[in-house]
Amino acid sequence: MSTAHPLPELQTLERLIELGGRHLQARPVRHVSPPVGPSFPVWAITLGNPDPHCPGVGYFGGVHGLERIGAEVVIAFLQNIVTRLSWDRSLHRLLDEVRLVFMPIVNPGGMWAATRANPRGIDLMRNAPVEAREKVPWLMGGQRLSAGLPWYRGRLGDPLETESAALCEVVQAELLTRPFSLALDCHSGFGISDRLWFPFAHTREPIPHLAEVRALKTIFEQAHHHHPYIIEPQSTQYLTHGDLWDHLYLQACTDPARTFLPLTLEMGSWLWVKKNPRQLFSRKGIFNPLIGHRQQRVLRRHLALLDFLARAAGSHAQWTPAPHERANGHAQALVDWF
C-alpha cells in the first residue's frame, strides 16, 4: 500500500496502516486532486468494537494545511496504539468496549500546497452551512468575497467541499450513530496557551450538553491535575460562520438519545515563535515547531489527552451526569464559563 507520496506525514500514515494489519479498517474516503500536482487520498482508519451500541472517539487533524503539527499529533497517537497492539492486553480490553476513528490528514492538498485552505482556496472550518447568530470578526469569521482572501467559505449554496464532506461522512457513520461519542480536532496557531474548545462557534449561547462537558473537564482535571490546557467554549474567543463541528453537533442534537461532544485542541503556536523568533519569517513556522526537540516535546505533550478521551468514552456511564443531576451541572457550568 505504501506509496511515494510527496507528503511525509502521508507516507508515515500508510506505513502505520500496513503495520496495523488485520486490527485496522482503513479506506480512502475521498481522493483530492489539486489543479496542479499529485492526487491524494483522504484516509479514515477505524479499530475497536464496531457495535453501534458501543461509544466512539474520533481523532482528526490536518484540516488546515499549514497546521501540520495537528496531523502529526494524531499520527503519533495512532502509532502509539498500533505499536501496542502486539503486547498490551489492557488496550485490547479497551478496544472491546470502544470504537476509535482516525482522520489524521483531512486536507492533504492544502498540506502539500502549504496553505490553510484546500486547493480550491476554501477554508474547511468556514465551509459548513451554519450562519453565526451574532457579529463575527471581519474576514476571520468567514467571508464569501473571494478565494484570494483568507477564511473564504465558498459560494452560497454550493455543496460541501470534498474534504469537508469526507469528514462529515465519517463522523455521521462512525460517531453520530452511537449513544455516546467524543471527537478531538487538532489545530495550532492561537495564542501562547494550549486550549481545548467546545461548541458553539456560531453563537455565544451555551450548548445543551454543557453539564456533560463540565463533567468531562472535572474527571480530566482529577486525573491530570497539572495539565496545560485552558478549557472553554470557542465563543469565549471569537465567533465564526460555517464551523464544521457546530454543524455536526447540531445534527447530533436532533436525537436526544445520543450525546456527541466535539472538542478542538488549539495548540498555542505563539510560544514556539517566542522561543525561536526566526520562525516568524517562515509561513510554516508561525503554526508549527521547527526545531526537532520542540516538535518531539509537542508530540509527547498531548498523548495523555488523546489516551484519556478513549478511556473516558469507554467509561462514560461512570461519569456522565444522571438525568436528575444535569440541571445542577448545567447551572454550575454557566457560572464557570458564561
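In what follows, buried means under 20% relative accessible area, exposed means over 50%, and partly exposed falls in between, using a 1.4 Å probe and protein chains only.

A quick word on the ground rules. This is a predicted model, where local features need pLDDT of at least 70 and side-chain atom pairs count only at pLDDT 80 or more, while totals for chains, interfaces and linings use all residues. Residues are numbered from 1 along each chain as its sequence is written, and side-chain values use heavy atoms, with hydrogens and water left out.

**Around Asp243**

Where does Asp243 sit? You'll find Asp243 in the loop between strand E7 (229–233) and helix H7 (244–252). Helices (H or I, at least four residues) and strands (E, at least two) are DSSP runs, numbered from the N terminus. Leaving aside residues up to four places away in sequence, Asp243 touches Met125, Ala128, Val130, Ala201 and Gln234; a contact here means heavy atoms within 4.5 Å.

The side chain of Asp243 also has a polar atom 2.9 Å from the backbone nitrogen of Trp245, and one 2.8 Å from the backbone nitrogen of Asp246. Then there's Glu131: 112 residues separate Asp243 and Glu131 in sequence, yet C-alpha to C-alpha they are 8.7 Å apart in space.

**Salt bridges**

Glu131 turns up again here. A salt bridge is a side-chain nitrogen of Lys or Arg within 4 Å of a carboxyl oxygen of Asp or Glu, and the structure holds 20 of them. Here are some of the pairs:

| Pair | N to O distance |
|---|---|
| Asp88 and Arg84 | 2.9 Å |
| Arg144 and Glu131 | 3.7 Å |
| Arg311 and Asp307 | 3.0 Å |

Arg144 and Glu131 are 13 residues apart, both in the loop between helix H4 (108–113) and helix H5 (162–174). Arg144 counts as partly exposed at 31% relative accessibility, and Glu131 is partly exposed too, with a relative accessible area of 42%.

Arg311 is partly exposed at 35%, and Asp307 is partly exposed at 21%.

Finally, salt bridges can join up: Arg27, Arg30 and Glu169 are linked in a network of them.

Key. Polar contact = N/O pair within 3.5 Å; in protein donor to acceptor, adjacent residues only side chain to side chain.
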